[in-house]
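The entries below follow the order in which I looked.

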Amino acid sequence: MKLLIKNGRVVHPVTSAVILQDILIEDGKIVLIERGLEAEADQVIDASGLAVSPGLVDMHVHLRDPGLTYKEDIITGSNAAARGGITAMACMANTSPTVDCPEQVQYVLDRANQGSGVQIFPIAALSKGLRGEEPTDADALKKAGAIALSDDGNNVDNANLMRDVLIQAGQLDIPVLCHCEDTSMVEGRAVNEGSVSRQLWLEGRPAIAEELVVMRDAMLAEETGARVHICHISTAKAVDIVRRMKKKGIHITCETCPQYFTLTEDEVLVQGSLARVNPPLRTAQDVKGIIAGLKDGTIDAIATDHAPHSAEEKARPLTRAPSGMVGLETSLAVTLTALYHTGKMELTEIVRRMTVNPASILGLSKGRLALGNDADIVIFDPNEEWTVDPEQFASKGRNTPFAGWKVKGRVKYTIVGGTVIYEAP
């Protein structure tokens, strides 16, 4: 099977080049990247006026499978990812049962083969049952196919446990993904501590709860030499901690999500529980700090933290609704709208944070267009405008604060291993 992509603006995130080129794919691999290719092919895609990029790599999603499949399952999540231009994603372990043993890792891998073709990589729990009391068998989990460890959704309050896990993860050369919020300071609290929490007469989740644990885990990264990755960073001071630690040569990386560079805590006053997420939406000053961290490279990756819930759950009052929002089908468009079309970041820099950087953190050979590589590609129109309509989502989750937004950037084709798995109608 040969596929030829013609006349596209090929985005190379490693070299920061955008070049008018054609790409020839044979048997799932990229075999030629040149201008003016005249090769024969079984399928030809004319990408004139479109961007051709490595497929997006989302390093942080919640697929709710096993056990919570009324919210999402691996198949619907995979379909949603394909529509968003995502060709590979890593799913978190906070399912029911928890992905904390080799059998559950195998379950995820087996289910992944039934999806749209998006490649799914399991992240296993750091502690048994996500309880933060007893470490999982990291060696067995890695052998089963887990690519990282994380108790995401829960902070690991026990510093000694975290240190022990980091030492073992360092020996196994797998990253540990950290949800940084001191539990004693945030448990049961729905919104950022600040003007909005005061208006609503609620206890808030203070920024310092995140920053304290970011500092702790950065220090543990320095002491153990392990690969520590900070999930969904949301405060300007947390970004500054990572910036300072990186300058010291400590092996620490971090990600943020579109909501943290587009929305503030004020969104809660407008959208209620649809704007409830952990960590919470912060202040305008924090949004500036997140954008600055993206621009200077302190923030390595943009992930979705795709967290679907049922409509009934999200319809509950703010203090009783679950936290989280979906993002697989909107992340590229929202990011392009907020950062590229405003001139804050170059297209290649955005693509780098959504492809090769997250792939490198997870140890995946993904996220770049090169001869011999898997042909995982997204073709998109960076300028096409559309309106976010949750009723059109492939995801079971409709819980997005971006409903009704006019955004620029539309996925036209998603290709995995040389096979078109999504084509825009």
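I counted two strands as paired when DSSP finds at least two bridges between them. The model is predicted, and I read everything below with that in mind.

**Sheet**

By that rule I find E6 and E7 paired in the parallel sense, over 4 bridges. Within this pair, Leu56 stands opposite Ile86 in E7. I then followed E7 (residues 86-91) to E8 (residues 119-124), and this pairing is also parallel, over 4 bridges. Here I noted Ala90 opposite Phe121 in E8.

Is E7 enclosed or open to the outside? I find 6 of the 6 residues of E7 buried, so the strand is largely enclosed by the rest of the structure.

**Helix H8**

I checked the length of H8 against expectation. The end C-alpha atoms of H8 are 17 Å apart, which agrees with the 16 Å that its 12 residues should span at 1.5 Å a residue. I listed its buried residues as Ala238, Val239, Ile241, Val242, Arg243 and Met245. What covers these residues of H8 includes helix H7 (207-224), strand E13 (228-230), E14 and H10. After H8 comes Gly249, with a positive phi near 90°.

**Helix H10**

I repeated the check on H10 (residues 284-295). This helix has 12 residues and reaches 17 Å from its first C-alpha to its last, close to the 16 Å expected. Which residues of H10 are buried? I find Asp286, Val287, Gly289, Ile290, Ile291, Gly293 and Leu294. They pack against helix H8 (236-247), strand E14 (252-256), strand E15 (301-302), helix H12 (331-340) and helix H13 (347-354). Just after H10, Gly297 takes a positive phi of about 90°.

**H12 against H13**

I turned to two of the helices that pack against H10. H12 and H13 pack at an angle of about 145°, and their axes are 11 Å apart. I noted the crossing of H12 past H13 as right-handed. On the H12 side, the contact is made by Ser331, Leu332, Thr335, Leu336, Leu339 and Tyr340, and these meet Leu347, Ile350 and Met354 in H13. I sorted the residues of this contact into 7 nonpolar, 2 polar and no charged.

**Pro322**

Last, I looked at Pro322, in the loop between helix H11 (311-314) and H12. Is Pro322 buried or exposed? Its relative accessible area is 18%, and I call a residue buried under 20%, so Pro322 is buried. Leaving aside neighbours within four places in sequence, I find Pro322 in contact with Arg276, His309, Glu313, Lys314 and Arg316. I also took one distance: Pro322 and Ala148 are 174 residues apart along the chain, and their C-alpha atoms are separated by 25 Å.

Key:
Residues numbered from 1 in each chain as written. Predicted model: local features only at pLDDT ≥ 70, side-chain atom pairs only at ≥ 80, totals over all residues. Heavy atoms only, no water. Expected span 1.5 Å × (residues − 1). Buried < 20%, exposed > 50% of the residue type's maximum accessible area, 1.4 Å probe, protein only. Contact = heavy atoms within 4.5 Å. Axes fitted to C-alpha atoms, helices over the stretch in contact; angles between N-to-C directions. Left-handed = near helix turned anticlockwise from the far one by under 90°. Nonpolar A, V, L, I, M, F, W, Y, C, P; charged D, E, K, R; others polar.
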